[in-house]
Amino acid sequence: MKKIFFGFGSAFLLALACTIPALAGGWAVITLDEFPSAVHASQSLEIGFMIRQHGVTPLSGQRPIITASLAESNDTIEFFAREEGQAGHYAAEISLPQAGEWEWSIAAFTVKQPMPPLTVLNAVPAASKPVSSSFNSLPLFAAGFGLLGVLGGLLALQRKVRWAAALVLAGFLVSGAGFASAADQPTAESEAQEIVVISAESQAELGRDLFIAKGCMLCHSHAETDNLREFGVDMGPNLTSYSASPEFLRLWLKDPLTVKSTAQMPTLGLSDSEIEALIAFINSD
Ligand code: HEC
């Protein structure tokens, strides 16, 4: 009987020892690979992100859950993320069924990190899909027909038929016109190209979204993001009225350790364009 009690007791102690570290000081920063843009309803979307314990150490073995709900609705949808790629990296395939403003967050480890709201556009109508099939083959057909005329004319010339020269000439004209109008047709690719101009203001807004999505707001207070966060550690300075030269910030955000050998801020793998948007946000007043 004694033995059994002893067994229970040590199992209990062991369980306690395992849970205490998770309760004390267990927090993580989620950093989205990329903030999705131009999302359409029912479109499948790959969401990738890193989880770093204490903002630093890649954390494996988690079962993150993405929760999304349409603003002013109580229905929520959940998606499970799987571990994929390097240690601490996860990915999930999600699809939001309706157009509108979606609120969403990622829960993993001990944190539930809200993400910047996602604007979902109406589903892409089938008719406005790329137009490769509507390429008109008639001009090419005419061009080929014209070439046949030229050939026929040349054969006729050899036999000294009277209308041979006229046939050659007509063949050339038809074929030339056919090729010219075939070359004139817009291709699917040139039509699909769009130029997106980003204004300084929207650059700062994008920077704010990234400040949330990359997890900066967990370690840094900022008046514009504090209302969103459910949990923060304020390990770094409050950045509300902070500003610095873009040259310094470019280096700092790319890799803090190259600027300061004792930096505690992690390298978050930001792209150059993400860094520019973050600088616009940090330096806006
Ligand atoms: C894990 C916590 C953590 C995360 C996440 C984090 N930082 Fe920091 N940050 C710090 C700490 C700590 C410092 C203070 C300097 C140091 O010792 O690293 C700092 C310093 C800074 C500074 C001031 C640099 C200076 O010396 O003037 C800026 C600007 C900054 N962070 C921006 C960001 C941005 C933007 C993000 C998100 C892309 C971010 N931080 C994410 C912890 C963090």
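How many residues lie between β3 and β4 in the hairpin that they form? The two strands form a hairpin with three residues between them, and His54 in the turn has a positive phi of about 55°. The structure is a predicted model, in which local features need pLDDT of at least 70 and side-chain atom pairs count only at pLDDT 80 or more, whereas totals for chains, interfaces and linings use all residues. Residues are numbered from 1 along each chain as its sequence is written, and side-chain values use heavy atoms, with hydrogens and water left out.

The confidence of the prediction is described by pLDDT, the predictor's confidence in each residue on a scale from 0 to 100. The mean pLDDT of the protein is 81, and 66% of its residues reach 70 or more. Helices and strands are taken as DSSP runs numbered from the N terminus, helices being H or I with at least four residues and strands being E with at least two.

Strand β3 (residues 45-53) has seven of its nine residues buried, so it is largely enclosed by the rest of the structure. Here buried means under 20% relative accessible area, exposed means over 50%, and partly exposed lies in between, with a 1.4 Å probe and protein chains only. Two strands are said to pair if DSSP finds at least two bridges between them. Strand β1 (residues 28-32) and β3 pair in the antiparallel sense over five bridges, and the bridge partner of Leu32 in β3 is Phe49. Six bridges join β3 to strand β8 (residues 89-94), again in an antiparallel arrangement, with Ile47 standing opposite Ala92 in β8. Two further bridges join β3 to the antiparallel strand β4 (residues 57-58), where the bridge partner of Arg52 is Pro58.

A separate description applies to an open sheet of five strands, which has the order β2-β10-β9-β5-β6 and mixed pairing. Strands β2 (39-40) and β6 (76-80) stand at the edges, each with a single partner strand, so one side of each is left without a neighbour in the sheet. Within this order, strand β9 (residues 100-108) and strand β10 (residues 111-121) pair in the antiparallel sense over eight bridges, and Trp102 stands opposite Leu118 in β10.

The largest nonpolar core has 51 residues, of which Leu32, Phe49, Ile66 and Trp104 touch the most other members. Helix α9 gives the most to this core, with six residues. Domain 1 (26-124) and domain 3 (200-283) both give residues to the core, so it lies between them. Such a core is a set of buried Ala, Val, Leu, Ile, Met, Phe, Trp, Tyr and Cys residues joined through side-chain atoms within 4.5 Å, and the domain bounds come from an automatic or database domain assignment. When neighbours within four places in sequence are left aside, Leu32 is in contact with Ile47, Gly48, Phe49, Trp104, Ile106, Met115, Ala213 and Lys214.

Helix α9 (residues 272-283) has twelve residues and reaches 16 Å from its first C-alpha to its last, close to the 16 Å expected at 1.5 Å a residue, where the expected span is 1.5 Å times one less than the number of residues. Its buried residues are Glu274, Ile275, Ala277, Leu278, Ile279, Phe281 and Ile282, and what covers them includes α5 (200-213), α6 (216-219) and α7 (246-254).

Several loop residues were also examined. Most residues other than glycine have a negative phi. Ala38, in the loop between β1 and β2, has a positive phi near 45° and is exposed, with a relative accessible area of 56%. His54, in the loop between β3 and β4, is partly exposed, with a relative accessible area of 33%. Thr225, in the loop between α6 and α7, counts as buried at 0% relative accessibility; apart from neighbours within four places in sequence, Thr225 is in contact with Arg208, Phe211, Ile212 and Met217.

Key: Contact means heavy atoms within 4.5 Å.
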